Amino acid sequence: TKKFAGLFFPMKRTISIILLALISLGASAQTEKKKGFQGYDGGMMLHMGYLHGNIGTIGYQAKGITKGIGGAIRFHFGEHFRFGTEGYTSGMEQLDNGSYIDTFWAGLMGDFFWEVGRFMPYAGLTVGGGSMTSFLMMEGDKGDWHPEEKTIFNKTGFVAIDPYIGCDYIVSKAFHLTLKLDFLQGLSRQDLYLPTGPRLYLGFIFFH
């Protein structure tokens, strides 16, 4: 805890700088040829990825396939900038006995996009908060009704910093298919052992 407590105030300054940068990007978008609010988009995405990380306090190496669901809504300003919010939940099974590491995060997002024919590449950043819930049954059987002594449960909140890149395929003016890749990072005053790795998202987005 002491190790991460020292990071708290620098972390707050870092997040403040990132948020101010996103707001500044939104303001700068107003100076483009096409000014002001230009509409919005939103939709749902499924994701899958491979994560890994060492839980040092118990000497456990967490790794495996994670999968989940979530969505986003973004408001368009100018020709290339979007600002909005998104949230996801992601689960990773462990030990083949019902153990798991689940992650939830949500936050404010900002990105730039460009249209190139039927493709719309984009890149951006989400800043917000989340929680990681770990349930690890080191020994025992999930099918019985016996108390399991060697079981660990932990829930830790964190500040979420999530850079991402992606590309839409423009099916029509009102409907896009999207493919996105991100790399979620977390900071916390507590001991945080957040498994990390890329997640690949596939979803559908409606434009208005």
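This is a predicted model: local features need pLDDT of at least 70, side-chain atom pairs count only at pLDDT 80 or more; totals for chains, interfaces and linings use all residues.
How much space lies in the largest cavity? About 30 Å³. Here a cavity is a set of points, on a 1 Å grid over the protein atoms alone, where a 1.4 Å probe fits but cannot get out; grid points are joined across faces, edges and corners, and a volume is the space filled by probe spheres set on the points. Searching the whole structure turns up 1 cavity of 30 Å³ or more.

Residues are numbered from 1 along each chain as its sequence is written, and side-chain values use heavy atoms, with hydrogens and water left out.

The chain has 2 helices and 9 strands, which are DSSP runs numbered from the N terminus (helices are H or I, at least four residues; strands are E, at least two). Reading from the N terminus, the order is α-α-β-β-β-β-β-β-β-β-β. Of the 208 residues in the chain, 41% are buried, meaning under 20% relative accessible area, with exposed over 50% and partly exposed in between (1.4 Å probe, protein chains only). Among contacts (heavy atoms within 4.5 Å) with a separation of 6 or more, 64% come from residues 24 or more positions apart.

Back to the cavity. Its lining residues, those with an atom within 4 Å of a point, are Leu-51, Thr-66, Ser-90, Gly-91, Met-92, Ile-101, Thr-103, Pro-195 and Arg-199. Two or more of these come from each of strand 3 (81-94) and strand 4 (99-113), and strand 3 gives the most, with 3 residues. By class, the lining of the cavity has 4 nonpolar, 4 polar and 1 charged residues. For this sorting, Ala, Val, Leu, Ile, Met, Phe, Trp, Tyr, Cys and Pro count as nonpolar, Asp, Glu, Lys and Arg as charged, and the others, Gly among them, as polar.

A pocket is an open set of points with protein on both sides within 12 Å along at least five of seven lines, and the largest pocket holds about 410 Å³. It is lined by 18 residues, and the closest to its centre are Gln-38, His-76, Phe-113, Glu-115 and Phe-207. Strand 1 (residues 37-55) gives the most to this lining, with 3 residues.

What about charged pairs? The count comes to 6 salt bridges, each a side-chain nitrogen of Lys or Arg within 4 Å of a carboxyl oxygen of Asp or Glu. One of them joins Arg-74 and Asp-41 (2.9 Å, N to O). Arg-74 sits in strand 2 (residues 60-77) and Asp-41 in strand 1, 33 residues apart. Both Arg-74 and Asp-41 are buried. Asp-41 also forms a salt bridge with Arg-82, with the closest N and O atoms 3.2 Å apart; Arg-82 is in strand 3, 41 residues from Asp-41. Arg-82 is buried as well.

Another salt bridge pairs Lys-180 with Glu-86, the closest N and O atoms being 3.1 Å apart. Because Lys-180 lies in strand 7 (residues 175-182) and Glu-86 in strand 3, the pair ties together parts that are 94 residues apart in sequence. Lys-180 counts as buried because its relative accessibility is 2%, and Glu-86 counts as buried because its value is 4%. Finally, salt bridges that share partners join Asp-41, Arg-74, Arg-82 and Asp-111 into one network.
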